[in-house]
Amino acid sequence: RDRVPESVHALQRDINSPQLPRRIEGIDISNFQGTDTVGSLVVMVDGKPKRSEYRIFRIRSESERGPDDFASIHEVVTRRVSGLRRRSEPLPDLLMIDGGKGQLSSAVDALRQLEIYDLPVVGLAKRLEEIFVPGQPEAILLPRASASLRLLQVLRDEAHRFAVTHHRKLRSKRTIASGLDDIPGIGPKRRQALLREFGSVRQLREADPEKIASSVKGVSLKLAQQLKQHLQPTEEADTDSVTEGVAA
């Protein structure tokens, strides 16, 4: 008890978990304007985030009707647990799903299909911060100041933050790539080389042609000058920038 925070013990008591949830994994499903659906997985050990073990799952099961949170959760849980098994790594002490009864049921169904029946799993619904537990018809409502609830909220918010960070990077890469499309002499390989070296269209605009030519193999001074001329008219339109790195 001296090493494990009291909030972890309180969570075990409040959700009536058979084991002390020292390692908790949280899953959140996120998309950007109905596209690029991902599942973010974050890890907390003894109440502290372990960012080196965060993971992003690009959802493969999207239907023609668009994002499906339930199917996405089923996919992420299946892929995560299967991966742990394949690598002979232990399962978490507790799995937390961002969502209510429906999302929780999808996670439980995925675990049952993998013949896992002893992994505690809960759902945390945003609207009233209700905690749902399999087999219990009524949600657990803890006081807002509860250490248990706060622990789950931090995990849920971290999963959401991690997914948003990933989406920002995706949007930034697309903005950068689109700014280099259709430039004569700039094919996929040179485009990737320019992106690796300068990181953004804005930085390319600010670089001298001599700097571009000397920094990127295969880009001559003449081509660098043409590149600058092509990018210059759109200077006011470019407002995107990389804002935050991804932890894993």
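This is a short tour of a predicted model, stop by stop. Residues are numbered from 1 along each chain as its sequence is written, and side-chain values use heavy atoms, without hydrogens and water. Local features need pLDDT of at least 70 and side-chain atom pairs count only at pLDDT 80 or more, while totals for chains, interfaces and linings use all residues.

Select serine 88 in the loop between helix H2 (69–86) and strand E5 (94–98); helices (H or I, at least four residues) and strands (E, at least two) are DSSP runs numbered from the N terminus. Its phi is near 55°, positive although serine 88 is not a glycine. Serine 88 is exposed at 67% relative accessibility. Buried means under 20% relative accessible area, exposed over 50%, and partly exposed in between (1.4 Å probe, protein chains only).

Go on to glutamate 115, in the loop between helix H3 (101–113) and strand E6 (121–125). Glutamate 115, also not a glycine, has a positive phi of about 60°.

Next, select arginine 156 and glutamate 129. They form a salt bridge, with the closest N and O atoms 2.9 Å apart; the term means a side-chain nitrogen of Lys or Arg within 4 Å of a carboxyl oxygen of Asp or Glu. Arginine 156 lies in helix H4 (residues 147–179) and glutamate 129 in the loop between E6 and strand E7 (130–132), so the pair ties together parts 27 residues apart in sequence. Both residues are buried.

Finish at helix H8 (residues 221–231), where Leu223 and Leu227 are among the buried residues. The face turned away from the buried side carries exposed Lys222 and Gln229.
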